[in-house]
Amino acid sequence: MSSPKPTARIVATGRCLPDRVVTNHDLESMVDTSDTWIRERTGIRERRIADAVTSAADLGAGAARMALCRAGVDPLEVDVLIVSTATPDRLLPSTACDIQKLIGVGNAYAFDLSAACSGWLYGLTVAEGFIAAGRARNVLVVAAEKMSAIVDWEDRATCVLFGDGGGAAVVQPAVDDRGIVSSHHGSDGALADLLYRPGGGAVMPMDEEVLRRKDHLVKMAGREVFKNAVRSMAEGAERALAAAGWTPDDVDLLVPHQANIRIIEATAKYAGIPMERVFVNVDRYGNMSSATVPIALDEAVEQGVLEPGMNVLSVAFGAGLTWGATALRW
Ligand code: ACO
């Protein structure tokens, strides 16, 4: 089967990470945990944590500036700005509008997309749709995540997993056979309570009781999330590969959501892709929600691991539950 012809392509990526490194040893003095436990269960050694004055919008804006500069695109040439975030700076207005102001994409219309860790891959598909419809020539897809702001720093089961960061890509019409070849996304709202923040929204507005119960922070059923993550990403990979007309052997590089090395290894195994062809940086950054995929793509390009013409498969999974897989010819 021949591959579908791409309509849209990532022309450049960018990333922005806070300078402050928090190691597992640092966490040992904050909660009852150990470097060994964290490394063995998650593969994480350290993560970046933003200071109090750095917002999710700042991280997204830093990544967006880098992507625009590398693409050679003037901010005023951007038609649409899509921002995926699980950690919006405010509930109103969108983080996208804050990033628009920071980076000066004054001719774009900007909006947030809420799909947790899968958000950036969802955003990429939305960008592809704008371009396929002929409604945009430059779409900026940004992930902006300050997970440290929504994590309970007294809950060892969650606080050791997350980090902060921003990632971005400029998406333009494809001119040859390089670009987005296929994607498959899914969600299952019936499993929302496996990973969520119960309080702080319109259903449970913030009050002293919400704060006391810490209902404004992340709650997670770790084992259930783990199982669903592997199942959904493996299935997403299979469907995206089938739609691309590829087999696992055709994939030069798998760039998965970086939540946990055991989830990555299990997903790669079920997808039939050996670990030598999997990009991993979860050890240095932890889980930065939707920012993990664009940051990984950006580092893979910079390290020369990802080169023009290679077949890339990216998979993601997150709260919702949501998941997605996208096949690209880079
Ligand atoms: N340090 C030391 N001990 C810990 C820690 C910690 N940080 N956290 C939990 N434990 C303890 C538990 O209390 C438990 O102790 P007990 O046996 O005395 O009750 C023991 O370790 C085992 O706990 P489990 O939760 O069963 O450990 P598990 O092997 O499932 O690993 C983990 C936990 C790492 C959270 C795993 O379930 C996981 O990775 N789940 C996926 C979560 C995830 O990645 N979520 C991110 C959002 S979704 C996404 O991005 C994919």
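Author: Buried means under 20% relative accessible area, exposed means over 50%, and partly exposed lies in between, using a 1.4 Å probe and protein chains only. This is a predicted model, in which local features need pLDDT of at least 70 and side-chain atom pairs count only at pLDDT 80 or more, while totals for chains, interfaces and linings use all residues. Residues are numbered from 1 along each chain as its sequence is written, and side-chain values use heavy atoms, with hydrogens and water left out.

Reader: Is Glu-154 buried or exposed?

Author: Glu-154 forms a salt bridge (a side-chain nitrogen of Lys or Arg within 4 Å of a carboxyl oxygen of Asp or Glu) with Lys-214, at 2.5 Å from N to O. Whereas Lys-214 has 22% relative accessibility and counts as partly exposed, Glu-154 has a relative accessible area of 64%, and therefore Glu-154 is exposed.

Reader: Which residue forms a salt bridge with Arg-212?

Author: Arg-212 is exposed, with a relative accessible area of 57%. The closest N and O atoms of the pair are 2.6 Å apart, and the partner of Arg-212 is Glu-209.

Reader: What is the relative accessible area of Cys-159?

Author: Cys-69, at 63% relative accessibility, counts as exposed. Cys-159, by contrast, is buried, and its relative accessible area is 1%.
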